[in-house]
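Subject: Structure for your review

Dear colleague,

Please find below the structure that I am handing over to you. My findings follow it, arranged by region.

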Amino acid sequence: MRPLEEWIRQHVSLERTPSAKLRYDAMDHQAPRGLAGVYRPFDPDEIYDWVDLTLIFAYLEALGTRGRLLDVGTGDGWPALPLAPYVREVVGIDLSDRRVAVSEENRARLGYANVRFAVADGTDLPFPDASFDGTVVGTALEQTDDLDKALAETRRVLRPGGALVATFEHLAVELSQNAEEEVEFFVEGERFIYRYVVKEVSPPREAEYELILRPAPASRRPLELAATSFPCRPGFVRREGEPGSRPLADDVAAAYGLEFLRGAAEAVSSGRYFELNHTDRRSLEGSLRDAGFGEIQICGRITRAAHGFFIALHEAGLLRGALRPHFEATCAAFATLWPIITPEADPVLFVRARRSA
Ligand SMILES: C[S@@+](CC[C@H](N)C(=O)[O-])C[C@H]1O[C@@H](n2cnc3c(N)ncnc32)[C@H](O)[C@@H]1O
């Protein structure tokens, strides 16, 4: 455990809460605002849309069905919404009310009638056995409190022979060091909020803490100064006008690390946290088997290979030229390569597993 995490555990009265309630309920948008297929239709004039559509076709290829799909932990509607034009029906669920509301707004904007979203827990799905032809997931099963339970539930609602196609965060590759920490500090009305996130490779785990500080009037001013001078990370803002998380690099650690928190200890009134056990390839395969899945393939995501491929085609003038009328067909063709993408170098795993009869 990192020193900052140890201090928090020892000094703050903490309530444990699901990640959906602490992290995902707090975000205006979870996916990048311009994400194709979610916030706007795909556009062949945007190079990255070729890459993102290829990933969607990789899901379709790996699923082997165009029937009724379940998307667990849909966030803002990914991959439920971009899959919708290609399948009969999609049901997207998320434990965060806010994410479901955002997904529904996105669905209405795109005008899809074959998608619906509901608040539900991936570890306790409100659907009958064998009620879906396929299940899709975008880095969400590892955000539930119990991966094994979520896998068992996913299997239960799949028809026999149906496939689960899921991406998983792969911390061993994602993190450039053994542990990564982030903080943010901001003011919200009368309260100050301190968030601390830690991810570790071994064992692969992640924890996030949200501490509420209610300073006495005399000590409010220095905290206000600290909150307003918190260094914002451009590009990812939780809500308008508020800072996003910052890596706990030396400068941030000096200003907002353990010493800062010790100094503000009097003001810390309460806190919430979540803790998640992530997985590595080997234990993921074991968990899938234990949950009753067979034909397990654990690959890397096709995104990086697709990116290199489409950049080369773009530079050759083909994306806006000869291939433009074949946008979908080109993405679909490249997507068939999903099984040969090796998992070693990718921070996200792409997994296909079938419910054995
Ligand atoms: C990393 S986000 C991924 C969102 C989206 N699938 C994507 O790829 O952009 C993880 C999502 O899982 C949801 N989640 C976490 N725990 C959950 C649970 N027990 N049941 C359902 N959804 C959950 C979160 O609210 C969040 O929207």
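Two strands are taken to pair if DSSP finds at least two bridges between them. Strand 7 and strand 10 (residues 246-247) run antiparallel and are joined by two bridges. In this pairing, Glu182 has Pro247 of strand 10 as its bridge partner. Please note that the model is a predicted one.

Domains

The protein chain falls into domain 1 (3-18 + 176-277) and domain 2 (47-170 + 280-355). Between the C-alpha centres of domain 1 and domain 2 there are 32 Å. Four residues from domain 1 and six residues from domain 2 make up the contact. On the side of domain 1 that touches domain 2, three residues are nonpolar, one is polar and none is charged.

Six strands form an open sheet with mixed pairing, in the order 1-11-9-8-7-10. Strand 1 (14-16) and strand 10 are at the edges with a single partner strand each, so one side of each has no neighbour in the sheet.

Strand 7 (residues 179-188) is joined to strand 8 (residues 191-200) by ten bridges, and the two run antiparallel. Within this pair, Glu184 has Arg195 of strand 8 as its bridge partner. Strand 7 and strand 8 form a hairpin with two residues between the strands, where Gly189 adopts a positive phi near 60°.

Strand 8 is also joined to strand 9 (residues 205-213), in the antiparallel sense, by nine bridges. Here Lys199 stands opposite Glu206 of strand 9.

Which residue of strand 3 is the bridge partner of Val72? The partner is Ile93. Strand 2 (residues 68-72) and strand 3 are parallel and pair over five bridges.

Helix 12

Helix 12 (residues 303-315) contains 13 residues. From its first C-alpha to its last, helix 12 reaches 18 Å, close to the 18 Å expected at 1.5 Å a residue.

The ligand shell

There are 24 residues around the ligand, of which Tyr24, Gly73, Gly75, Gly122 and Gly138 come nearest. Helix 2 (19-22) and strand 3 (89-94) each contribute at least two residues to the shell. By class, the shell around the ligand has nine nonpolar, twelve polar and three charged residues.

With kind regards

Methods: Residues numbered from 1 in each chain as written. Predicted model: local features only at pLDDT ≥ 70, side-chain atom pairs only at ≥ 80, totals over all residues. Domains from an automatic or database assignment. Contact = placed C-beta atoms within 7 Å. Nonpolar A, V, L, I, M, F, W, Y, C, P; charged D, E, K, R; others polar. Helix = DSSP H or I, 4+ residues; strand = E, 2+ residues; numbered from the N terminus. Expected span 1.5 Å × (residues − 1). Near = placed C-beta within 6 Å.
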